[in-house]
Amino acid sequence: MPIPMELQHASQDFERFLTDAKDMAGLATRNQTYTMVQGVLQVFRRRLSPADAIRFAGVLPPLLRAIFVTDWPIDEPPVPFADRATMTREVQNLRRDHNFAPDTAIRDVAAALRRHVYLDDFNRVLASLPAGAEEFWSA
C-alpha cells in the first residue's frame, strides 16, 4: 500500500496552515503562531473526554493531530466550555512570557483550520461532541 498523501505532504500542509493562521492573527513569526495554535488546541482538548478527543483528532491533518495529543494529561477530567473571552485567556496563558496570541486567537485558528480539513468530516465530528464544541470552532 502506498503512503497516504496526507502523510507524504504533512510538512508542506502544516507550513501552509501556519502561514494562514499567522496571517489571520497578524502575528510576525511561525514560533508565535505555533504557540497560539498549540494553546487553542489544548484549550479545546481540555473540554473533551478522551474518546471525544480521539474522534476529533481523527479529522485533523497529521501534524495538528500530533500537536493536539502531545503532553495530554489524559487522567484529568474535562472542564466545561466557557465564554470565548475566558477560553482565550487560557490560550494566552500557555508559555505566557512568549505568547503573542491576540484576543481573536480562537477565531483565527478556527478560520485557518477550516481551510485545511475536510469540512464535512470536521462538521460531522463537531456535531457529535458536547455542547460548545461547534461554537468554539466557529470562525
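This is a predicted model: local features need pLDDT of at least 70, side-chain atom pairs count only at pLDDT 80 or more; totals for chains, interfaces and linings use all residues.
What covers the buried residues of α5 includes α1 (5-8), α2, α3, α4 and α7 (105-114). The residues in question are Pro62, Leu64, Ile67 and Phe68, which are buried in α5. Just past the end of this helix sits aspartate 71, with a positive phi of about 55°.

### Helix α4

Next, have a look at α4, which spans residues 50-57. Which of its residues are buried? They are Asp52, Ala53, Phe56 and Ala57. Looking down the axis of α4, you would find these buried residues within an arc of 135°, so they line one face of the helix. Their packing partners are α3, α5 (62-69) and α8 (119-128).

Leaving aside residues up to four places away in sequence, aspartate 52 touches Leu129 and Pro130.

| Residue | Location | Relative accessible area |
|---|---|---|
| Leucine 27 | loop between α2 and α3 | 11% |
| Arginine 47 | loop between α3 and α4 | 4% |
| Tryptophan 137 | segment after α9 | 0% |

The contacts listed below again leave out residues up to four places away in sequence.

Leucine 27 belongs to the loop that joins α2 (10-25) and α3 (30-45). Its contacts are Lys22, Gln32, Thr33, Met36, Phe100 and Pro102. Where does phenylalanine 81 lie relative to leucine 27? The two are 54 residues apart along the chain, and their C-alpha atoms are separated by 26 Å.

Phenylalanine 81 turns up again among the contacts of arginine 47, together with Pro78, Val79, Pro80, Ala82, Met87, Glu90 and Pro130. With glutamate 90, arginine 47 makes a polar contact from side chain to side chain, at 2.5 Å. Pro130 is touched by arginine 47 and also by aspartate 52.

Tryptophan 137 comes in the segment that follows α9 (133-136). What does tryptophan 137 touch? Its contacts are Val40, Leu41, Phe44, Phe56, Val109, Ala110, Leu113, Arg114, Phe122 and Leu126. One of these, Phe56, is also one of the buried residues of α4. Valine 40 is 97 residues from tryptophan 137 in sequence, while the C-alpha atoms of the pair are 9.9 Å apart in space.

### The largest pocket

Finally, there is some open space to visit. How is such space found? Rolling a probe the size of a water molecule over the atoms shows where empty space is left. The largest pocket has a volume of about 330 Å³. Its lining is made of 18 residues, and those nearest the centre are Glu6, Pro61, His116, Val117 and Tyr118. Both α2 and α5 contribute, each with at least two residues of the lining. Sorted by class, the lining holds 11 nonpolar, 2 polar and 5 charged residues.

Methods:
Residues are numbered from 1 along each chain as its sequence is written. Side-chain values use heavy atoms; hydrogens and water are left out. Buried means under 20% relative accessible area, exposed over 50%, partly exposed in between (1.4 Å probe, protein chains only). Contact means heavy atoms within 4.5 Å. The arc is that of the directions from the helix axis to the C-beta atoms. On a 1 Å grid over the protein atoms alone, a cavity is a set of points where a 1.4 Å probe fits but cannot get out, and a pocket is an open set with protein on both sides within 12 Å along at least five of seven lines; lining residues have an atom within 4 Å of a point. Grid points are joined across faces, edges and corners, and a volume is the space filled by probe spheres set on the points. Ala, Val, Leu, Ile, Met, Phe, Trp, Tyr, Cys and Pro count as nonpolar, Asp, Glu, Lys and Arg as charged, and the others, Gly among them, as polar. A polar contact is a pair of N or O atoms within 3.5 Å; within protein, one must be able to donate a hydrogen and the other to accept it, and residues adjacent in sequence count only if both atoms are side-chain atoms.
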